Amino acid sequence: MSQKIRIEPYPGAAGGWGALKSTTRHLLNSEQALTNLKTLANTNQPGGFDCPGCAWGEGKHSGRVSFCENGAKAVNWEATARRVDAAFFAEHSVASLYAQTDHWLESQGRLAEPMVYDAASDHYAPISWDDAFALIACHLKQLDSPDQAEFYTSGRTGNEAAFLYQLFVRAYGTNNFPDCSNLCHEASGVALRRSVGVGKGTVTMDDFDQADAIFVFGQNPGTNHPRMLDTLRDAVRRGAQVVAINPLKERGLERFTHPQHPLEMLSGGATTMNTLYMQPKLGGDMALVRGMVKALLAAERHAEQTGGEPVFDHAFIAEHTEGLDAYLAVVDATNWDDIERQSGVTRDVIEGVAEVYRKSERVIATWAMGITQHKHSVATIQEIANWMLLRGNVGKPGAGLCPVRGHSNVQGDRTMGINERPGAAFLDALGRRFGFDVPRKHGHAVVEAIQAMKGGQSRVFFALGGNFAAATPDTAATEAALRNCGLTVQVSTKLNRSHLVTGKAALILPCLGRTEIDIQAGGAQMISVEDSMSMVHASNGVLEPASPQLKSEPAIVAGVAEALLGKWPVDWMSLIEDYDRIRELIADTVPGFEDFNERLKAPRGFYLGNAARERHWDTAGGRATFAASPLPVHLESHEGDLVLQTLRSHDQYNTTIYGLDDRYRGVFGQRRVVFVSGADLARLGLAAGEAVDLVAEWGDGIERRVSGFTLVEYDLPPGSAAAYYPETNPLVALASVGDDSRTPTSKFIPIRLEKLKG
Ligand SMILES: Nc1nc2c(c(=O)[nH]1)N[C@H]1C(S)=C(S)[C@@H](COP(=O)(O)OP(=O)(O)OC[C@H]3O[C@@H](n4cnc5c(=O)[nH]c(N)nc54)[C@H](O)[C@@H]3O)O[C@H]1N2
Ligand SMILES: Nc1nc2c(c(=O)[nH]1)N[C@H]1C(S)=C(S)[C@@H](COP(=O)(O)OP(=O)(O)OC[C@H]3O[C@@H](n4cnc5c(=O)[nH]c(N)nc54)[C@H](O)[C@@H]3O)O[C@H]1N2
Ligand SMILES: [Mo]
């Protein structure tokens, strides 16, 4: 660590001068500031490209420039002038690169040409595209079964590449599609399908203009969805309530100014974001929501007895739902002691916030990783849905359920069929359109893929984007799994850890990024993406490609497909000449994409629709469904001194580390820090500034340890701690996954702290 650590509470609001200063610094660091300034002006504008940052929807665009500080970082990161080429790899062995930090690796620049790993010299050497495709085809042909290969996707991939990829992999014969959703919002999809019949959010951007209250659960929008702050601020300004539910006091949720509103910054004023900030214990949200429902039920019964106005929306419940009685029985059976202990929030506070909910006619609930990366995430999200259904807050204007997605096209990739458990209707449509026997057997999600590679059952790993080695749990186990493969292939824009954890053979295939012009035989091509609000729109690159040797993601998929399958079941290469042809195939097979090419011409794209929003319930019983789960038991039965959540700093994009600062949390020059409450420091006999090891307590006999973390005192509930991902991924046991979601429990890791000796 060359830089010295500095801890300094952030005095300002989120956004403001700090954001402006940081944007400027990242522009200059890219070494092509002028080009990138022009590039930024094209972000999220018609004719421009979709911001590679996050999946928040697009606003009303009253001429406002539509990017944020962290979107600017994402653009500058892709549009850097530095290059990682053959000379770079000749100079650095894989072992020497492996010893570098993730921050250093990604700072080396854009990957410039296809490379193949040479085990004898431990260096990557150049390879032609045709030879690379042939090598992949050769390995895939040698497998005993297509189920011995794993095909990962990260959520930046556009719809066109995703559709071709799933078609190619299914034509080859497997549903092994581990993808970043498995690490992210999987629980939202599973829970919402059960509760309301659609695994996606039910709100549009317009709903945020009409909501009376917005509850933000387990999310840090100031860093991860900065454009959402605009939406929240507009809501607060017209009198709506924002309630933040987060163990950690997040600056961006407390108050903020907007960097594009200089007057507000000059006056030093900041909109007070929320009237309420609840700090439950990690994993305590289900108990907290259950408590609110208990309070609502008491008020409902009181109203019944006194002839007052009902609290529940009885007409909606009668016409649209099932399971209420069984659910209310579980609510009655849950006692306040358990609710208070699990949530860490007192009964009177929970009753108070239940009143905010009751008095609001239209309520939106949003959530992200603080809710989805737990053992009981599916049950928690279904509990949020229960609470919303009681007052008919699904399928009316200004109300609804809103899982805020991560990667800019992670939702679109699922829509295109990147799914290890695809629905029968989708497979039927594929089989009909392309005339082959589509594989029906469920494939591997991320954790199953790691287990299969580790056990030697899977022998080829192909990644369309992402950084599998760093993003997944149990780093030692994952690395052993990848090294066990005969071939690993990474389609990437930048050098990362996954290139250095190789199979016996390994390839790096460099691709165009979102910001770059994609020229094919038929001219410049656009791609399309879908945001968190189910809006599909076009994205056009504007920059010259980083190297003439780059291929687009669709072209790479087509190249592999042709090498393996020839022109079957489609003429892959002819599709690449003009992506309209891919979109025609999508229109033929994916519901909601009829006339795709025509509708994509609309400047802001088109809305895919959502049946639950129309109050059509595609659930098993044909109605919105109350789920009756007891509160979880694992929260209090672990052996740790503390429970650790792993989260993002302000200067990173997942495993991509832009810098070593976390401005809003007041940490500078260091990422190996652990946030602990003052009460816990005192209890454990530790002091802020001391260095500790974090040791996981899973009770499975395996030692999982990360070393040299500096203690930072922070405002969070006793018993809870926080540290950055990916540095803490070695602590997450592969076997610790969500019930029914199989997502690693990255927000609930029992640990003990060990003081460094000497
Ligand atoms: N700049 C930037 N933007 C990004 C990303 C990035 O890394 N950088 N990543 C993208 C991706 S893929 C995703 S998925 C999203 C992630 O967006 P977020 O979900 O906001 O990301 P995290 O940093 O994991 O933050 C989790 C938040 O949940 C809180 N939390 C943790 N555990 C609990 C809990 O048990 N209950 C409650 N109520 N809260 C809890 C944490 O304190 C923290 O505020 O952002 C996307 N956008
Ligand atoms: N402990 C812990 N682990 C977590 C999480 C957590 O909160 N805690 N969060 C999880 C979540 S929500 C997610 S989504 C995953 C993220 O997992 P991934 O999606 O696998 O990881 P990223 O860090 O987003 O991937 C970064 C790499 O993507 C490549 N890349 C960037 N742009 C492009 C492009 O346009 N095309 C291609 N082909 N490649 C590109 C670059 O080479 C870059 O190095 O991590 C998960 N892991
Ligand atoms: Mo994510």
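# Close-up views of a predicted model

View 1. A backbone N or O atom of Asn220 sits 2.8 Å from an oxygen atom of ligand 1. The structure is a predicted model: local features need pLDDT of at least 70, side-chain atom pairs count only at pLDDT 80 or more, and totals for chains, interfaces and linings use all residues. Residues are numbered from 1 along each chain as its sequence is written, chains are lettered from A and ligands numbered from 1 in the order in which they are written, and side-chain values use heavy atoms, with hydrogens and water left out. A polar backbone atom of Thr223 lies 3.2 Å from a nitrogen atom of ligand 1. A polar backbone atom of Asn654 is 2.7 Å from an oxygen atom of ligand 1. Ligand 1 exposes 920 Å² when taken alone, and the protein buries 99% of that. These areas come from the Shrake-Rupley method with a 1.4 Å probe; for residues, only the protein chains shown count as cover.

**View 2. The shell around ligand 1.** The shell has 30 residues, and Asn246, Glu250, Gly283, Asp285 and Asn654 come nearest. A residue is near a molecule or strand if one of its heavy atoms lies within 4 Å of it. By class, the shell around ligand 1 holds 10 nonpolar, 16 polar and four charged residues. Here Ala, Val, Leu, Ile, Met, Phe, Trp, Tyr, Cys and Pro count as nonpolar, Asp, Glu, Lys and Arg as charged, and the others, Gly among them, as polar. At least two shell residues come from each of helix 11 (221-224), helix 20 (369-372), strand 25 (642-647) and strand 26 (652-653). Helices (H or I, at least four residues) and strands (E, at least two) are DSSP runs, numbered from the N terminus.

View 3. The chain is divided into domain 1 (111-183 + 409-605), domain 2 (186-403) and domain 3 (635-755). The bounds come from an automatic or database domain assignment. Ligand 1 lies between domain 2 and domain 3, because both give residues to its shell. The centres of domain 2 and domain 3, taken over C-alpha atoms, are 26 Å apart. In all, 28 residues of domain 2 are in contact (heavy atoms within 4.5 Å) with 29 residues of domain 3.

**View 4. Ligand 2 and its side-chain partners.** Ligand 2 is surrounded by 32 residues; the closest are Glu106, Tyr152, Ala471, Glu553 and Thr655. A polar side-chain atom of Tyr152 is 2.7 Å from an oxygen atom of ligand 2. An N or O atom in the side chain of Ser154 also lies 2.7 Å from an oxygen atom of ligand 2. For Glu553, an N or O atom of the side chain is 2.5 Å from a nitrogen atom of ligand 2. On its own, ligand 2 has 930 Å² of accessible area, and the protein covers 97% of it. The shell around ligand 2 includes 11 nonpolar, 15 polar and six charged residues. Domain 1 and domain 3 each give at least three residues to that shell.

**View 5. Ala449 inside helix 24.** Ala449 is found in helix 24 (residues 446-454). With a relative accessible area of 0%, Ala449 is buried. Buried means under 20% relative accessible area, exposed over 50%, and partly exposed in between (1.4 Å probe, protein chains only). Leaving out residues up to four places away in sequence, Ala449 touches Glu150, Pro178 and His444. Pro403 is 46 residues from Ala449 along the chain, and their C-alpha atoms are 26 Å apart.

**View 6. Two cis peptide bonds.** Most residues other than glycine have a negative phi, and most peptide bonds are trans. The bond from Trp568 to Pro569 is cis, with omega near -10 degrees. Pro569 lies in the loop between helix 27 (553-565) and helix 28 (572-577). The bond from Tyr725 to Pro726 is also cis, with omega near 10 degrees. Pro726 sits in the loop between strand 32 (720-724) and strand 33 (749-755).

View 7. Ser534 is not a glycine, yet its phi is positive, about 60 degrees. Ser534 is in the loop between strand 21 (527-530) and strand 22 (535-539). Ser534 is buried, with a relative accessible area of 1%. Gly423 lies in the loop between helix 22 (410-415) and helix 23 (424-434). Gly423 counts as partly exposed, at 41% relative accessibility.

Conventions. Polar contact = N/O pair within 3.5 Å; in protein donor to acceptor, adjacent residues only side chain to side chain.
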